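This briefing covers selected local features of a single chain, arranged by topic. Please keep the sequence and the coordinates in view while reading.

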Amino acid sequence: MIGAPLVEGHSGTPFNPDMRLIEWQRYVNRQLKLSDLGYFLMIGNGDLPDYHPIDRWWGGTRLIYKALWRWDREEKTLLRTEHRREMELAS
């Protein structure tokens with residue numbers, strides 16, 4: 001499942017403001033739905049970087065899974081990914 005899509009029903013064609021009317025109509029009328037993986041992640045049974053590993057540069061900062069920060073809704077604070085994993089393993 002590594003790299004599997006989260007959404008199904010799109011052709012992968014990016015939006016282009018200069019596309020012809022018929023192309024635009026096909027683009028906006030597509031029926032999109034969550035893939036099995038997308039649904040699995042949406043209901044909280046997994047974590048996106050486990051299926052789409054992150055290792056890229058963004059604005060001069062290297063983003064990798066081990067260095068991600070997450071919002072803890074219950075504690076209302078930021079947690080490093082490693083800390084979040086330790087909490088999951090402890091529960």
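In this predicted model, strand 5 and strand 6 form a hairpin, with 4 residues between the two strands. The strands run antiparallel and are joined by 4 bridges. Further topics are the salt bridges, of which the structure holds 2, the aromatic contacts, with 1 pair, and a nonpolar surface patch of about 570 Å².

- Strand 5 covers residues 69-72 and includes aspartate 72, while strand 6 covers residues 77-80.
- Across the pairing, arginine 70 stands opposite leucine 79, the latter being in strand 6.
- In a regular strand, side chains alternate between the two faces of the sheet.
- Lysine 76 is located in the loop between strand 5 and strand 6.
- The phi angle of lysine 76 is positive, at about 55°, although this residue is not a glycine.
- Lysine 76 counts as exposed because its relative accessibility is 63%, which lies over the 50% cut-off for that class.

**Aspartate 72 and its backbone contact**

- Aspartate 72 has a relative accessible area of 12% and is therefore buried, the limit for this class being under 20%.
- A polar atom of the aspartate 72 side chain lies 2.9 Å from the backbone nitrogen of glutamate 75.

**Salt bridges**

- Glutamate 8 and lysine 33 meet through their side chains in a salt bridge, with an N to O distance of 3.8 Å.
- This pair links distant parts of the chain: glutamate 8 belongs to strand 1 (residues 7-8) and lysine 33 to strand 2, and the two are 25 residues apart.
- The two partners fall into separate accessibility classes: glutamate 8 is partly exposed at 33% relative accessibility, whereas lysine 33 is exposed at 54%.
- The other salt bridge joins the side chains of arginine 62 and aspartate 55, with 2.9 Å from N to O.
- Arginine 62 has a relative accessibility of 42% and so counts as partly exposed.

**Aromatic pair**

- Phenylalanine 40 lies in helix 2 (residues 36-42) and tyrosine 51 in helix 3 (residues 48-51), so the pair ties together parts of the chain that are 11 residues apart in sequence.
- Phenylalanine 40 is partly exposed, with a relative accessible area of 29%.
- Tyrosine 51 is buried, as its relative accessible area is 19%.

**Nonpolar surface patch**

- Which residues make the nonpolar surface patch of about 570 Å²? The contributors are Val7, Leu32, Leu34, Tyr39, Met42 and Ile43.
- Leucine 34, one of these contributors, lies in strand 2, which comprises residues 33-34.
- The relative accessibility of leucine 34 is 39%, so this residue counts as partly exposed.

Definitions and conventions
Residues are numbered from 1 along each chain as its sequence is written. This is a predicted model: local features need pLDDT of at least 70, side-chain atom pairs count only at pLDDT 80 or more; totals for chains, interfaces and linings use all residues. Side-chain values use heavy atoms; hydrogens and water are left out. Patches are made of residues with over 30% relative accessible area and no salt bridge: like charges are joined within 9 Å, nonpolar side chains (Val, Leu, Ile, Met, Phe, Trp, Tyr) within 5 Å. Accessible areas come from the Shrake-Rupley method with a 1.4 Å probe; for residues, only the protein chains shown count as cover. A salt bridge is a side-chain nitrogen of Lys or Arg within 4 Å of a carboxyl oxygen of Asp or Glu. Buried means under 20% relative accessible area, exposed over 50%, partly exposed in between (1.4 Å probe, protein chains only). A polar contact is a pair of N or O atoms within 3.5 Å; within protein, one must be able to donate a hydrogen and the other to accept it, and residues adjacent in sequence count only if both atoms are side-chain atoms. Rings of Phe, Tyr and Trp (its six-membered ring) pair if their centres lie within 6.5 Å; planes under 30 degrees apart count as stacked, over 60 as edge-to-face and the rest as tilted. Two strands pair if DSSP finds at least two bridges between them.
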